[in-house]
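Follow the stops in order.

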Amino acid sequence: MKHAQTHKLIDLLIKKPEEFSSTHINTLLGIDPDHLPENPYLSNELVGVLDLKSAILRIFDQNDDFKFDNANSGYLGRLNDRSQRRRNRRFIRKLKANPKALRIVAEGDSWFEHPISNDVIDWIDELGGRDAAVYSLARGGDFLTNILEEREYITDVSIINPDAFLVSAGGIELVNQRRVALMVNAEGAYVDEGFKRQHSLLNQVLHDETLPIESRAKIERGVHFLNREYFSLIAVLELKYKYMIKQLRKKFPDLKMICHGYDYPIPSFRRGSWFHPIDRLMRQIGDNGHHFKQPMLIKKIYKQEDQNDITFAMLHLFNEMLKQVVNDKVFGKGVYMIDCRGYALPEDWFDELHLEPKKIRRVAEVFWESIRNTDSSKKIFCVRR
């Protein structure tokens, strides 16, 4: 019975994402918000990590032997290993120097672990000085799927007992291996008026009275090109985030968790400067244009304005999904979000995915503010210039 219900709900998520709702997510995670016990996190889930992994593969028609190993293989894997060892040796040195320092565990992708350039965690470590020590599980190019399956975050949070757990995830699920090409259609036949009314997240966004008129217009134009696969992916990411929160809450009921969204990227083949060896290496690794620009050109979406609107809509909905998670009366307990939207200017981007190192510092400053914040009612921290 359990397997049949899980299969039915995952099928709905994949085939009709506009009908899949937070109620279905609660069912899969074994939570009834209307009849909450004292600790809703101890109930058993209908869904497991293998189900979540299978859902991603089904959405994009990938084989079961697809490897979620971007972060662990090849040159990038070796760079991640080296950087992670260096960081965690620094964590031990800081604790030796100041055993009362704030303890922070960071898990995620390249915004937290860029092997050859200053990232959010590097800046947090500098901002905290001797008063904070960061233990990093983050790896550039890592999938949220991989993070959940490996469960390192559970083990290391148990060992370190941190004051805050930081997570940066979901970006690689959106852009891996030109995946954007599977989520857009030049004909724009999928998102009609009926879909806009029925899809809860999209409907809320388009009726958000605080949304600037220009932003609403960009989203309206951008979603015109999106197809079913994009909305199914967003639903899976929401389910994964809530699954992670529940797994952590089972063992660490008072743990402070902080996630972040991404600013609006610009589809471009531009790759920063060539004037420094690190610039050249970042340019080689980043393969700029591979994540947004090239996939849209492949799908015959040629206009820069259309490409900009599509990425704007994709990232806005992703961020709004995270905001809903953070504000959820069940899953948002002790969970906070860094909202980066609208911070970066076009010249602040190093490539399609990463801000210039000096610009990412401001994001780290807001993280540091949220780590030290004691007002539990303040859930969203916005990055401003």
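Select D119 and I121, at the start of helix α5. A side-chain oxygen of D119 comes to within 3.1 Å of the backbone nitrogen of I121. This is a polar contact (N or O atoms within 3.5 Å; within protein, one must be able to donate a hydrogen and the other to accept it, and residues adjacent in sequence count only if both atoms are side-chain atoms). Helices (H or I, at least four residues) and strands (E, at least two) are DSSP runs, numbered from the N terminus.

A note on the model: it is predicted, so local features need pLDDT of at least 70 and side-chain atom pairs pLDDT 80 or more, while totals for chains, interfaces and linings use all residues. Residues are numbered from 1 along each chain as its sequence is written, and side-chain values use heavy atoms, leaving out hydrogens and water.

Now select all of α5, residues 120-128. Seven of its nine residues are buried, so the rest of the structure largely encloses α5. Buried means under 20% relative accessible area (1.4 Å probe, protein chains only). W123 is among the buried ones. Just after α5, click G129: its phi is positive, about 55°.

Next, strand β2, residues 132-136. Which way do its residues point? A132, V134 and S136 point one way, A133 and Y135 the other, and all are buried.

Last stop: K240, in helix α12 (residues 228-251). Is K240 buried or exposed? It counts as buried, because its relative accessibility is 0%. K240 touches residues including L52, L144 and E173; contact means heavy atoms within 4.5 Å.

Terms used:
Buried < 20%, exposed > 50% of the residue type's maximum accessible area, 1.4 Å probe, protein only. Right-handed = clockwise from strand over helix to strand, strands pointing away. Lists of a residue's contacts leave out its neighbours within four places in sequence.
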